Amino acid sequence: MIRIAPAGRVLAVAAAASLALTACGGSGDDTAAPQQTASSAAPASSAPAATQGDGTLTLGTVLPQTGSLAFLGPPEFAAVDLAVKEINEAGGVLGKPVKAIHTDSGDTTTNIASQSVDKLLGQKADAIIGAASSSVSESIIDKITGAGVVQFSPANTSDKFTTVNDQGLYFRTAPPDKLQGRVLGDLVVADGNDTVGILAMQDSYGSGLADQIAKTAEEGGSTVVERVDYDPKAAEFSADVTKIKAKNPKAVVLIGFEETSKVIQELVKQGLTADKVKWYMVDGNMSNTNYLKMPKGTLKGVKGTIPGAEAPDAFRERLLTVDKELEDYTYAAESYDAAVLIALAAEAAQDDSGRSIAAKLAEVSKGGEKCKSFKECADLLKAGKDIDYEGLSGPIEFDDNGDPAVATIGVYQYGDDNKYPGKAEEYRTGNIAG
């Protein structure tokens with residue numbers, strides 16, 4: 001099993017030859033073998049012919065301004081804006097400033113994302129960063145990639161994107177859920193919980209994560225005594241929580257988005273408080289803003305996982321120059337890296353068209369001289385060097401499916417103020433495709 005570090009200490013799990021959990025502990029929403037899959041970024045020899053761009057890199061975003069993941073929007077928008085600002089201060093891409101156009105993704109209850117994509121395609125976006133929700137991305141991926149535009153999500157973790165037919169145009173900096181599920185499942189077992197209840201929203205994200213967490217927990221010796229897949233649009237969740245309570249689990253795993261606040265209220269109402277039953281959460285509901293109106297200590301001791309490395313303090317300070325109101329930094333590093341990688345790929349291709357960018361994204365993420373900023377990397381490219389961008393979210397290194405081949409998962413714990421601190425225990429592994 002993955003060993004859980006004492007609170008406050010960072011634990012790095014050595015990269016393994018594969019992520020079979022016999023090798024690194026236990027056995028998904030989602031992020032180079034020679035064999036291509038349906039979603040593989042095709043090599044230059046077999047990729048569709050690139051069309052010449054207009055010389056100005058236009059980045060669109062389809063990220064949540066409204067909907068069930070709206071709390072993720074501010075750090076993601078700020079990170080893209082910071083990246084564009086720094087890229088332009090370094091001379092831009094292909095000698096011209098990068099243009100950014102922001103739009104709302106909404107959630108799956110609306111058609112906002114599709115309308116936003118139409119707007120961005122009409123304004124000749126070369127690459128679109130988003131969506132945050134895997135289900136929203138599923139609804140727009142064909143429209144984006146079918147137009148020859150790169151789709152690059154900083155937060156999709158659904159395992160479906162590993163094999164989706166994306167014409168080699170879909171990438172992500174967040175790792176697939178199979179890793180987050182394994183880490184959280186091991187965490188539940190390591191904390192001594194031999195009986196577990198799971199409350200999961202019913203969609204590809206919730207069901208996929210629940211499957212992996214249950215599998216890992218049971219392989220580790222725990223028993224999932226009840227699993228409830230609920231409708232996230234339901235007005236209340238009393239019947240769902242009653243099913244969990246009837247089985248008296250030692251731990252409850254909560255997999256959802258904004259509606260988790262209602263689920264928590266019902267858990268408290270039925271006596272399954274966090275001081276009596278251990279609660280565990282995931283990236284979709286880990287928030288420093290959604291639970292602030294709850295009584296002090298409601299979430300004290302609750303643990304949760306977020307894919308990606310912890311946002312460094314210096315990066316947070318830079319983000320605050322863009323948005324001084326930021327309180328949550330979830331997926332900020334992944335959003336920043338997405339923008340920088342797209343810009344570097346355009347520089348490497350000497351063309352800003354979507355297919356040209358896609359053909360270079362894997363190349364600029366691995367194998368060359370390591371560099372940590374757009375300026376440093378761009379200078380190396382101009383000097384004729386091969387580069388390996390080391391991002392704020394981790395090493396990245398795309399595999400043939402557009403997934404990060406090396407991934408980090410952070411484990412966070414809530415305090416008495418119903419917020420989780422920025423410091424995390426971190427777990428890293430290599431080759432997450434296995």
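This is a predicted model: local features need pLDDT of at least 70, side-chain atom pairs count only at pLDDT 80 or more; totals for chains, interfaces and linings use all residues.
Residues are numbered from 1 along each chain as its sequence is written, and side-chain values use heavy atoms, with hydrogens and water left out.

**Helix 10 with helix 12**

- Helix 10 (residues 332–349) and helix 12 (residues 374–382) have axes that come within 10 Å and cross at roughly 10°; helices are DSSP runs of H or I with at least four residues, strands are E runs of at least two, both numbered from the N terminus.
- Those axes are lines fitted to C-alpha atoms over the stretch in contact, with angles from 0 to 180 degrees between N-to-C directions.
- The crossing of helix 10 past helix 12 is right-handed (the near helix is turned clockwise from the far one by less than a right angle).
- On the helix 10 side, Val340, Ala343, Leu344, Glu347 and Ala348 meet Phe374, Cys377, Ala378, Leu381 and Lys382 of helix 12, where contact means heavy atoms within 4.5 Å.
- That contact has eight nonpolar, no polar and two charged residues (Ala, Val, Leu, Ile, Met, Phe, Trp, Tyr, Cys and Pro are nonpolar, Asp, Glu, Lys and Arg charged, the others, Gly among them, polar).

**Helix 5 with helix 6**

- The axes of helix 5 (residues 177–190) and helix 6 (residues 204–219) come within 7 Å and cross at roughly 45°.
- That makes helix 5 oblique to helix 6.
- By class, their contact splits into six nonpolar, five polar and four charged residues.

**Largest pocket**

- The largest pocket has a volume of about 380 Å³ (on a 1 Å grid over the protein atoms alone, a pocket is an open set of points with protein on both sides within 12 Å along at least five of seven lines; a cavity is a set where a 1.4 Å probe fits but cannot get out; lining residues have an atom within 4 Å of a point).
- It is lined by 25 residues, and Ser68, Thr108, Met201, Pro232 and Lys233 are the closest to its centre.
- Volume here is the space filled by probe spheres set on grid points, which are joined across faces, edges and corners.
- The pocket lining has nine nonpolar, nine polar and seven charged residues.

**Largest cavity**

- About 90 Å³ of space lies in the largest cavity.
- Strand 13 (residues 406–413) gives the largest share of the cavity lining, three residues.

How values were computed:
Angles under 35 degrees count as roughly parallel, over 145 as roughly antiparallel, 65 to 115 as roughly perpendicular and the rest as oblique.
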